[in-house]
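Please look over the sequence and the model below. A short report on selected features comes after them.

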Amino acid sequence: MRTRRLAACGALVISLVSSTALEAQTPFTIGNVTAKPGTSVPGTFEIAARAGDSGTTVPFTIIHGARPGPVLALFAGTHGAEYVPIIALQQLRAAIDPARLSGTLVLVHVANMPSYLARTVYYSPADGKNLNREFPGNAAGTLSERIAEVLTREVIAKATHVVDLHCGDGNESLRPYSYWITTGDPKVAEAGRAMALAFGLDHIVVDNARPTDPAASIYLSNTAITRGKPAITTETGGLGVVDDASMALIARGVAGLMRHLGMRPDGPSPVSSPVWIDSNEVLRAGATGVFYAAVTRGQAVKKGTKIGHITDFHGRTIDEVVAPWDGQILYVIGTPPISKGEPVAMVGAIRK
């Protein structure tokens, strides 16, 4: 009888040990950097030089929780002159305690270093390409394509959830909003909707026109979605200004996501009454010259409302831009330089 009791106790101990082992956090590796449970570790991707460019670096931080959980990847600086997310991740890096975290945060601090250092909007000075149009990238391509390939292979592939943090570029005056991508797997889309609500921005653009081919995903967040990983894109701030209000929106958003994903028990609740933007249009310049805005970010407009006009360099009006429908100005160019084909404003139609 005593032998049976000892055997039963032994089985229970083995069961408990096995259960603990299954639930234990394990080290997490990206590139050549490994983080042990409960630690925060910096790292850098080295993008080697090729003919025509000098290569670049992509700094990142792994904040690896003490307990298992999701892997949430946060990207900043996909456009190098969008500074609010870059500085917000610097603050989050220092503020988040890995000992209190379940799961892992991967912070990509500056995805597009050539653009950041050169202070360029939209396009990289290395190859003239928009990094957020080059995913999933090409290991043998131009510098932007190689950056995209490394981020896809090393970060997106290892994440369970992705957020591409943007703001108005250095020339854009923008009201805060996020993108919810509805194309692809409905379950992934529904998980993305929950992420957008958890992030807490009260205007959400419903984007139903993204590609579904993983080999031609084009956009960073869409690259995750085409690989079965929920993702959103957020927009907070603009015009090259790092302001406290925009920074607070990102801190609040990440805290809401961590609560939603079970990475921390505390955090703000999801936005309860969002404004859904069912359709949107980016209005583009019909001429090169000097742009004068006639509206401000967040302004309600009617179909035909004048958004702005462009003059030549002798003051003669050569183009006028008007609203295509009733809606709201999500962003408008806030600096004078404009080239033909470039964005002038984005108008969103609000769900009735």
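The report covers one histidine, the nonpolar cores and an open sheet in this predicted model.

## His 161

His 161 belongs to strand E7, which spans residues 161-166. Its relative accessible area is 16%. The cut-off for buried is under 20%, so His 161 counts as buried.

The side chain of His 161 makes a polar contact of 2.8 Å with the side chain of Thr 160. Beyond residues up to four places away in sequence, His 161 touches Pro 70, Val 71, Leu 72, Ala 73, Met 195, Pro 230 and Leu 261.

## Nonpolar cores

The largest nonpolar core holds 40 residues. Leu 72, Leu 74, Leu 105, Val 163 and Phe 199 touch the most other members. Strands E5 (67-75), E6 (102-108), E7 and E10 (203-207) each give two or more residues to this core.

A second core is separate and has 33 residues, including Val 33, Ala 73, Phe 75 and Val 108.

Leu 105 has contacts with Thr 61, Ile 62, Ile 63, Leu 72, Leu 74, Ile 96, Met 258 and Met 263, leaving aside neighbours within four places in sequence.

## The open sheet

Four strands form an open sheet in the order E16-E15-E13-E18, and their pairing is antiparallel. Strands E16 (317-322) and E18 (337-338) are at the edges. Each has a single partner strand, so one side of each has no neighbour in the sheet.

Strands E13 (residues 289-293) and E15 (residues 306-311) pair over four bridges. Tyr 292 lies opposite His 309 in E15.

Note on methods: Residues numbered from 1 in each chain as written. Predicted model: local features only at pLDDT ≥ 70, side-chain atom pairs only at ≥ 80, totals over all residues. Heavy atoms only, no water. Buried < 20%, exposed > 50% of the residue type's maximum accessible area, 1.4 Å probe, protein only. Polar contact = N/O pair within 3.5 Å; in protein donor to acceptor, adjacent residues only side chain to side chain. Contact = heavy atoms within 4.5 Å. Core = buried A, V, L, I, M, F, W, Y, C linked by side-chain atoms within 4.5 Å. Pairing = 2+ DSSP bridges.
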